[in-house]
Amino acid sequence: MAKEQQKQFHHRSSLTQKNKPFKRRFATKNSLRDKSKGRTQRASIKGKVLRKHSRLDRRHALRVEQRKKREQIAFSTRIFSGRHRTPKVVAVVPLCADTDVSAIVRGLYQCVDEQYPEDAKKTCKLLDVVRFKQTIQFVEVGRNLLDILDAAKVADYLIMGLSADVEVDAFGEQCLKAIQNQGHAGVFPIVQGIEAVVPKRRNDVKKSLQSFMDYFFPDIDKVFTTESESESLAVLRMITAQVPKKIKWRRERPYILADNIEFQPSIKDPQVGRLALTGYLRGGNLSANRLVHLPNFGDFQIDTIYHVPVALEVAKGNAIEEDDEPVVIDQPNAELQDSLVEANEPDQMNNEQTWPDDEEMGAWKEQMEQMEEEERKIAAGRERVVRVPKGVSSYQAAWILANEGDEEGSESGSDASDYSDDDSDDMMDESGSGESDEDENEYKEFRVDEGGKIIDGNENASAAEDAEDDEEGLLSAEENAAQLRAYLKEREKQNRDNLQFPDEVDTPLDVPARTRFARYRGMQSFRTSPWDPYENLPLDYGRIFQFENLKHTHKRVLRMTEDAPAKAGMHVRIILNAVPAKAAAAYSPNRPFVAFGLMQHEHQMSVVHFTISRSEDYTAPVRSKDPMVIHFGFRRYNVHPLFSQHTQGGSTTNNVHKFERFLQHGAVSVGTIFAPIQFGTVPVSMYLPTPAGADADASPAMPTLVGTGTSLEVNPSRILAKRIMLTGAPFKVNKRGAVIRYMFFNPEDINWFKPIQIHTKHGRVGHIMESLGTHGYMKCVFDGPMKQMDTVCMNLYKRVFPKWNTSLWSEYEQDGVQRKQWAVSGVDQPSTGEEMEI
């Protein structure tokens with residue numbers, strides 16, 4: 001019995017039943033499910049105590065949010081009402097050739113029994129609508145695309161002038177596309193000449209025009225007319241009753257439509273001076289420590305900001321009160337004011353590790369002087385005099401002498417320096433034997449050195465002859481046109497080849513591939529393989545600025561703008577320093593004059609990226625580095641952008657993006673340029689510098705829109721990798737193994753590129769095993785059976801960088817064709833040489 005008691009069976013401790021302890025916190029089914037899935041309670045952040053809000057607390061929070069929104073709406077409407085209200089800017093744009101913008105504005109004046117200012121030559125006209133207690137500022141623009149875009153950038157509403165008889169021409173469609181990409185607050189289409197249409201067809205005409213405008217602006221409900229006072233009054237009622245929609249890229253920064261400007265030249269330099277801009281400040285707040293951008297002229301510092309109050313309405317009566325005395329509201333702080341320095345000065349000696357002392361420098365200078373003296377003595381002893389026929393320029397004489405030297409060297413095996421001056425004269429005499437003494441007058445002499453370079457002063461004497469020869473060497477108009485057609489045909493062929501065989505390059509026969517492609521590298525994975533963004537940067541990257549966190553900097557700059565003294569809605573006078581006199585001379589009352597305030601750091605240069613998509617109307621090839629005119633928000637530049645692929649869903653792991661040689665249709669690409677920093681997202685439009693098909697003798701063509709897009713980021717670390725693809729053909733195939741030829745032509749190149757992975761166009765991946773023979777055959781192995789018809793490829797990559805060639809685009813620095821493309825008909829465009837009376 002004792003033994004049986006000792007051999008009793010017992011369960012293992014791991015299989016013993018354990019009852020769950022009773023805890024109310026984990027007793028529910030949901031908590032048990034969460035615990036089984038591994039969910040845990042989130043810990044408090046920075047010591048904050050998470051507590052459950054009661055119903056009363058939630059109601060209070062909603063009430064606070066509602067109050068904030070109401071205050072924002074009240075502020076947006078408050079600036080357009082009251083005694084010192086700000087007028088709403090309404091730009092009137094003619095879309096048809098027979099549209100009369102003055103007649104449209106005149107009809108709006110007459111519907112409220114106001115007199116249209118016929119004698120006023122200014123493009124901006126104020127209408128005080130007493131009935132609706134608001135003021136409207138009409139901006140009448142001509143058929144000039146630059147004026148239309150500038151007016152649309154600062155306008156609260158746009159009135160599109162249409163015609164019942166004439167269709168919208170190509171220029172009108174160009175304006176609609178540009179405004180659509182740039183952004184707008186509200187559009188009111190008004191048709192003229194509807195009274196001349198048969199009453200039965202009036203509704204059809206309106207429906208047709210409304211359908212046309214819906215294509216560009218789908219939120220349009222109706223097409224108006226100004227022939228009847230009721231519809232004109234309805235337009236005014238809608239303008240005054242609505243609150244202008246805010247355009248995000250415009251509301252963050254201040255801008256002003258100048259009512260008047262004054263220029264005071266400097267005593268030291270009359271070409272520059274102080275420019276005073278007077279108008280209503282809109283958008284964001286303005287600080288005197290920030291810079292102001294004038295289109296066509298650049299960025300300038302602020303001297304003083306005055307508040308010039310204007311009373312548009314008195315409590316009793318409709319009298320206009322005189323302006324009060326200007327009050328200084330802000331002046332710049334010397335320590336906080338933004339500088340006009342846009343780029344750093346890179347230290348070219350930064351990589352030097354040692355520096356020679358004064359003794360070594362002195363010894364080297366003496367040695368260099370001795371070497372230069374010896375070279376002068378040797379050169380003096382090797383000078384010679386040669387004769388060439390008259391009429392031959394010094395440039396042609398240098399080629400003749402070089403050819404003679406090559407022929408002599410090839411025949412006798414000796415250099416030209418072996419001949420003395422007498423020997424050269426004898427050779428010239430022998431070559432001219434049989435000629436009379438009178439023929440000797442048809443020659444002229446040149447003194448040349450050992451290398452055949454002309455060192456005599458006869459170059460100055462023959463300058464006139466060289467000019468005549470150059471004129472004779474110029475091509476005719478027919479030859480220039482033929483060469484242009486051949487060039488465009490070659491570009492079209494390159495574009496087709498790039499589409500059919502993207503990035504394929506032939507291996508050169510005369511240069512080793514390891515030398516020709518020394519700057520290229522192989523990558524196992526284009527998306528994940530590491531690439532140091534600060535490796536082998538060009539010198540221009542030492543001139544730019546880079547932010548550690550661009551988003552945080554943008555938020556900090558916006559907070560600084562909110563505290564600026566000059567508030568939006570004020571009637572201010574801004575004094576700018578060091579403004580060129582041509583800026584004041586370019587001012588015309590018939591054209592809008594706008595200015596934009598910059599945020600901090602927006603004057604400094606960096607690497608800017610923007611998305612771009614091709615326009616369907618322009619079909620010619622667009623190559624990377626082609627010159628373009630880009631409208632970047634409120635600024636315009638001359639650029640040579642680089643194009644790269646736009647990665648959907650954000651950046652890759654290594655921030656490497658494939659460089660594109662051509663801007664293709666139907667795809668969104670990314671352009672890269674050196675440009676001033678731009679915070680936020682702004683619209684981008686890209687035009688050709690000279691319109692396609694333009695001719696100096698023919699009528700000016702319209703601007704050619706290449707593409708549109710938006711700004712992407714400011715990131716110098718974005719890597720643009722140019723890819724080339726070396727291809728080879730299978731010579732023998734044995735299942736997974738194959739002998740490849742025509743990719744390389746010597747075994748040294750095969751061993752050099754052996755570590756790089758290869759692939760085929762049918763999806764096989766492999767490596768180079770060994771070289772076979774001496775003619776570039778190589779043995780390769782792949783991850784699967786290979787076909788004889790397949791093509792073997794090897795991808796090589798090289799980083800490319802933009803060039804420092806961005807400059808400010810100015811309308812007044814363009815030639816005749818480039819400047820006339822923006823204006824269709826006669827528009828007042830003063831030249832920069834005009835003087836302006838102060």
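**Strand β24.** I looked up S613 in this predicted model and found that S613 stands opposite T708 in β24. I then followed the strands themselves: β17 (residues 605-614) and β24 (residues 705-714) run antiparallel and are joined by 5 bridges. I also noted that β24 pairs with strand β23 (residues 683-687), again in the antiparallel sense and over 5 bridges, and that Y687 has L705 of β24 as its bridge partner.

**Helices α4 and α8.** I checked how helix α4 (residues 101-110) packs on helix α8 (residues 229-241), and the angle is about 90°, with the axes 8 Å apart. On the α4 side I listed G107, L108 and Q110, and on the α8 side E229, S232, V235 and L236, as the residues that make the contact; they divide into 3 nonpolar, 3 polar and 1 charged.

**Aromatic pairs.** I find 21 aromatic pairs in the structure. One of them, F526 with Y797, is tilted, at 5.2 Å centre to centre and 40° between the planes. F526 lies in the loop between α16 (513-516) and α17 (550-562) and Y797 in strand β30 (residues 792-800), so I noted that this pair ties together parts 271 residues apart in sequence. F526 is partly exposed at 25% relative accessible area, whereas Y797 counts as buried at 6%.

I next took Y587 and F593, whose ring centres are 5.8 Å apart and whose planes stand at 75°, so the pair is edge-to-face. Y587 is buried, with a relative accessible area of 15%, and F593 is buried at 11%. Finally, I recorded one aromatic cluster formed by Y541, F674, F801 and W804.

Conventions
Residues are numbered from 1 along each chain as its sequence is written. This is a predicted model: local features need pLDDT of at least 70, side-chain atom pairs count only at pLDDT 80 or more; totals for chains, interfaces and linings use all residues. Side-chain values use heavy atoms; hydrogens and water are left out. Axes are lines fitted to C-alpha atoms, for helices over the stretch in contact, and angles run from 0 to 180 degrees between N-to-C directions. Helices (H or I, at least four residues) and strands (E, at least two) are DSSP runs, numbered from the N terminus. Contact means heavy atoms within 4.5 Å. Ala, Val, Leu, Ile, Met, Phe, Trp, Tyr, Cys and Pro count as nonpolar, Asp, Glu, Lys and Arg as charged, and the others, Gly among them, as polar. Two strands pair if DSSP finds at least two bridges between them. Rings of Phe, Tyr and Trp (its six-membered ring) pair if their centres lie within 6.5 Å; planes under 30 degrees apart count as stacked, over 60 as edge-to-face and the rest as tilted. Buried means under 20% relative accessible area, exposed over 50%, partly exposed in between (1.4 Å probe, protein chains only).
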